[in-house]
Amino acid sequence: MFTLIFILAILGVVGAVGLRAFPSVIEYQAALKAINRAKDESTVAAVRAAFDRAAEIDNITSIKGRDLEVTKDGDKVVVSFAYEKEFHLAGPAWLTLKYEGVTRPGR
């Protein structure tokens, strides 16, 4: 009986942490889609503006267009970003998730 309670407690803690982190994972996926759409623009300002439009629609609040790193690789535009999200768990415990994204080559 003690083992069952212990396993359920562990699953409960893992589930609670997962529920806290899941929205940020969805936001990260939306940010990846947004930079892959924005990379088709011709100037750095246009890339950032396109990202900001997509961020407004998809409710991306962790990064803005000004946080994007826009470079050229030959004739292709490469857009990347990196950011951290922190979640308070309990007492002195925090969960820090580090996200990085870069546009896919060949598109």
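Q: Leaving aside its neighbours within four places in sequence, what is leucine 68 in contact with?
A: Taking contact as heavy atoms within 4.5 Å, leucine 68 touches Ile35, Arg48, Phe51, Ile63, Val79, Ser80 and Phe81. This is a predicted model, in which local features need pLDDT of at least 70 and side-chain atom pairs count only at pLDDT 80 or more, while totals for chains, interfaces and linings use all residues. Residues are numbered from 1 along each chain as its sequence is written, and side-chain values use heavy atoms, with hydrogens and water left out.

Q: And the largest nonpolar core, how many residues has it?
A: It has 21 residues, and those with the most contacts inside it are Ile35, Phe51, Ile60, Ile63, Leu68, Val79 and Phe81. Such a core is a set of buried Ala, Val, Leu, Ile, Met, Phe, Trp, Tyr and Cys residues joined through side-chain atoms within 4.5 Å, where buried means under 20% relative accessible area, exposed over 50% and partly exposed in between, with a 1.4 Å probe and protein chains only.

Q: Which element gives the largest share of this core?
A: That is α1, with 7 residues. Helices here are DSSP runs of H or I with at least four residues, strands are runs of E with at least two, and both are numbered from the N terminus.

Q: What covers the buried residues of α1?
A: The cover includes α2 (44–58), β2 (76–90) and β3 (93–102); among the buried residues of α1 are Tyr28, Leu32, Ile35 and Asn36.

Q: Where does α1 bend?
A: The bend, of about 35°, is at alanine 21, and proline 23 follows within four residues; the angle is taken between axes fitted to the seven residues ending there and the seven starting there.

Q: Switching to the sheet, in what order do the strands run?
A: Three strands form an open sheet in the order β1-β2-β3, with antiparallel pairing, and two strands pair if DSSP finds at least two bridges between them. The edge strands are β1 and β3, each pairing on one side only.

Q: How many bridges link β1 and β2?
A: There are 5 bridges between them, and serine 80 in β2 is the bridge partner of glutamate 69.

Q: Last one: is asparagine 59 buried or exposed?
A: Asparagine 59 counts as exposed because its relative accessibility is 57%. This residue lies in the loop between α2 and β1 (69–73), and has a positive phi of about 60° although it is not a glycine.
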